[in-house]
Amino acid sequence: MKAQIITIGNELLIGQTIDTNSAWIGSELSRLGFDIYRKITSRDNKDEIIDALELSAGKSEVVLITGGLGPTSDDITKQALIDFFKTRLVVDHEVMAMITDMLKKRNLPLNENNRRQAEIPESCLVLTNAVGTAPGMWFEKYNTVFISMPGVPSEMKYIMHTHVFPRLKSRFMYQNILHRNIMLYGIPEASLAELLASFESELPGNVKLAYLPSFGIIKLRLTGTGKNRDTLDQVLDKQVMKLRSLVPGNIFSEEETTMETVVGTLLRQNGQTICTAESCTGGNIAHLFTCIPGCSDFYKGSVIAYDNGIKRKVLDVPGEIIERYGAVSEEVVEKMAAGARLLLGTDYAVATSGIAGPKGGSELKPVGTVCISVAWEGGAATERHVFGNDRVININRFSVAALFMVWKQLSGMVRHP
Ligand code: AMP
Ligand code: MG
């Protein structure tokens with residue numbers, strides 16, 4: 001089962017708008033088991049859009065098209081579709097009623113451009129759009145289903161969820177498709193691939209493995225296809241068990257989730273609390289925790305101790321330790337974590353101090369160096385890591401590394417000394 005994507009819009013080619021539609025469609029369709037065969041991005045130009053349609057026809061079961069359906073004159077997709085499918089425009093009264101109703105609710109006048117949006121190619125099936133004025137359109141020709149949708153991401157997603165997924169499922173899904181997402185951290189992708197080489201080559205023919213890395217976290221996705229759901233479940237369970245034994249200590253979840261969510265869930269289960277003392281991450285770990293609904297159960301607060309004076313005055317880090325070892329040192333983060341834990345009265349505290357870059361590195365402490373400490377009653381674990389040169393990426397990587405250290409403590413992956 002193959003699918004292709006065509007995104008249309010001058011703004012996509014000049015980098016003014018990032019083509020998030022094709023990323024979203026690609027990811028959703030691949031989860032449904034489609035092989036995404038090709039993506040074309042075209043300008044708002046009738047002949048060039050027709051070129052893209054011709055190139056796609058007959059090469060895959062489905063072609064998903066977004067963009068160029070707006071009410072303005074630069075949106076030319078409908079004209080291209082008319083020519084390509086050799087059809088004509090007719091007013092669709094249901095669409096006209098929906099547009100009139102929507103504009104009335106928003107207190108907007110109905111003008112000629114809106115009226116034109118109710119003109120639909122005669123040979124298509126209309127996919128109504130309750131969140132915007134341009135409906136989607138479903139065409140069938142050359143053994144291919146062509147689906148044209150507006151470019152506005154929320155409208156495209158509405159049409160996909162309401163019309164496209166149910167229709168694609170009933171038309172193309174003869175098999176069950178099941179996924180298992182295994183979330184790992186602490187092992188580089190290339191090393192993981194090496195470690196899993198024989199696992200991968202021994203996978204049954206109906207199971208595929210994908211590596212999806214982000215900020216050091218690797219999501220391993222196993223996708224299985226099969227007629228019998230229970231059998232497929234068992235096949236995937238067996239592979240997950242194999243993975244567990246191959247990378248013990250790196251799997252922090254067997255569901256698609258974030259590391260902070262896993263840490264938060266463990267703390268909540270244990271009835272324990274945590275706080276943060278952040279220098280180089282500047283509150284990013286606090287932000288990650290506070291994005292979790294109900295985090296007040298386990299997250300108490302943060303001291304953003306960016307300045308050495310704050311490290312001393314608020315977190316009680318002795319000035320001579322900062323002087324002797326430098327702000328980015330195991331000794332300082334250990335004191336930061338201990339100070340924050342006492343100040344905020346939590347079971348755990350996690351502290352970061354590092355050089356996010358792009359400047360400020362030295363031979364001993366290059367840009368990308370971070371020291372992280374996790375403190376608990378009567379103990380602490382402290383680590384030093386070196387990441388890259390990009391400031392924002394470093395802040396994210398430092399944060400994930402810090403969360404992983406907390407996870408290791410909570411999950412019993414390392415024993416308290
Ligand atoms: P259109 O249907 O071409 O009128 O698109 C309306 C708006 O949707 C554009 O101005 C863009 O901001 C946005 N848009 C269009 N195509 C995409 C795309 N592929 N990815 C993300 N946003 C898009
Ligand atoms: Mg456009």
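User: How far is a polar side-chain atom of Asp19 from a nitrogen atom of ligand 1?

Analyst: This is a predicted model, where local features need pLDDT of at least 70, side-chain atom pairs count only at pLDDT 80 or more, and totals for chains, interfaces and linings use all residues. Residues are numbered from 1 along each chain as written, chains are lettered from A and ligands numbered from 1 in written order, and side-chain values use heavy atoms, without hydrogens and water. A polar contact is a pair of N or O atoms within 3.5 Å. For Asp19 and ligand 1 the distance is 2.8 Å.

User: What share of the area of ligand 1 does the protein bury?

Analyst: An oxygen atom of ligand 1 lies 2.8 Å from a backbone N or O atom of Gly151. Taken alone, ligand 1 exposes 490 Å² (Shrake-Rupley, 1.4 Å probe). The protein buries 78%.

User: Which residues come nearest to ligand 1?

Analyst: The shell (heavy atoms within 4 Å) has 18 residues. By class, six are nonpolar, nine polar, with Gly counted as polar, and three charged. Those nearest are Asp19, Thr20, Asn21, Gly68 and Gly151.

User: What is the volume of the largest pocket?

Analyst: Ligand 1 sits in this pocket, with more than half of its atoms within 2 Å of the grid points. A pocket is an open set of points on a 1 Å grid where a 1.4 Å probe fits, with protein on both sides within 12 Å along at least five of seven lines. The volume, the space filled by probe spheres set on the points, is about 430 Å³.

Key: Polar contact = N/O pair within 3.5 Å; in protein donor to acceptor, adjacent residues only side chain to side chain. 1 Å grid on protein atoms, 1.4 Å probe; cavity = no way out; pocket = protein on both sides within 12 Å on 5 of 7 lines; lining within 4 Å.
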